[in-house]
Amino acid sequence: MKRKNKLFILLSSFIAIIMIVLIFFPKGYKKYSYPTEFKEINLDKGLEYRTIMLAGNSSEWDEYIREIGNIIYHLQNEEYLFFYSGHNGEYTQNNVFIGMAYSKDGINWEKYGKMLDLSGEDPYVIYFNNNFYMFFEDKEEVPFRRISLATSKDGRNWEVAKRGVINPSKFIFSWQHQDVSSPVVIQVNNGWVMIYEGRGFFNQGKFGYAYSEDLINWNKKRCPIFSGESYWDYHVVPDDIIKHDNSYIMTYHGYNKKIGEWQSGLAVSNNLKYWKTLTKDPISESDTLMIFKEDTLLRILEEHDKEIKQYNIN
């Protein structure tokens, strides 16, 4: 009996070690080849910028800018659409809403207004098969829990299609039991990948991975795919993504425990499942960056409470 007990203890210990490695070290030892030109980007070292949008006044819904989402180019209307979120007064989680601004040249922007009456932030919009799909952090209920989906034909009039396309895990000790949020979506072959933030009892920010063939029904990968690698990204949250040559570049923000502030940086992947920090140091003191690539021009948008700055990087 004692021998069996020892074997059981050894086997249990081995399984526990494997589980810890899978949960906390999902990257493995994969080697990366990645574009080196992104390593030189640092928005805090005197780069020129222009303010492209200001927050609203004290009577408007976007008195303070919260989380910015992404920019898409609508070919049929020959215009750029820029999605963001904002709130009026003190932030109380469910008083934040999603808005949109539009532009003909990607430089001069005009606000259109709120997209939904439902409280939400972190919008990410995809245009596919003549339909707009908006994934967002559903804030209607506090504490917030899930990622929901709204759809539109014109990018201006939206209807909530499904609340909870991504939901937290039901397992109380899961890394994503508390909530899921901050979706980023990109097309791959015949399907779609979503990178999102998951939080749980022992975790306050890791990247999750989900796959879909129809943008409505999603299958989540069980383990987190990125949990930060540097001194400034203790908790990590995805913000925006582009494909550059054979690599994927992600803007994300992380929590710097040394100074007690959120900062932003870049991560890189060759397959969307394994990520590596692109630069040792953060590239911005802002807590949200948007990245948009058009031909040879790279634009990075930086979110602040009262304005959004745009950096053009050649």
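1. A quick word on pairing before the sheet: two strands count as paired if DSSP finds at least two bridges between them. Strands here are DSSP runs of E with at least two residues, helices are runs of H or I with at least four, and both are numbered from the N terminus. The open sheet I looked at has four strands in the order β14-β15-β16-β17, paired antiparallel. Its edges are β14 (236-244) and β17 (276-277), each pairing on one side only. Between β14 and β15 (residues 247-256) there are eight antiparallel bridges, and I242 has I249 in β15 as its bridge partner.

2. Keep in mind that this is a predicted model, where local features need pLDDT of at least 70, side-chain atom pairs count only at pLDDT 80 or more, and totals for chains, interfaces and linings use all residues. Numbering runs from 1 along each chain as its sequence is written, and side-chain values use heavy atoms, with hydrogens and water left out.

3. Overall, the chain has one helix and 20 strands. Of its 314 residues, 54% are buried (under 20% relative accessible area; exposed is over 50%, partly exposed in between; 1.4 Å probe, protein chains only).

4. Strand β2 (residues 64-74) is largely enclosed by the rest of the structure, because eight of its eleven residues are buried. β2 pairs with β3 (residues 79-87) in the antiparallel sense over seven bridges, and Y64 stands opposite H87. The two strands make a hairpin with four residues between them, and E78 in the turn has a positive phi of about 50 degrees.

5. What about the inside? The largest nonpolar core has 35 residues, with F135, W218 and W275 having the most contacts inside it. A core here is a set of buried Ala, Val, Leu, Ile, Met, Phe, Trp, Tyr and Cys residues joined through side-chain atoms within 4.5 Å. Another core, of 17 residues, lies apart from that one and includes W61, A101, W109 and L301.

6. Now the surface: F171, I172, F173, F201 and F202 form a nonpolar patch with about 630 Å² of accessible area together. Areas are Shrake-Rupley with a 1.4 Å probe, and for residues only the protein chains shown count as cover. F171 sits in the loop between β9 (158-166) and β10 (179-188) and counts as exposed because its relative accessibility is 52%.

Notes: Patches are made of residues with over 30% relative accessible area and no salt bridge: like charges are joined within 9 Å, nonpolar side chains (Val, Leu, Ile, Met, Phe, Trp, Tyr) within 5 Å. A salt bridge is a side-chain nitrogen of Lys or Arg within 4 Å of a carboxyl oxygen of Asp or Glu.
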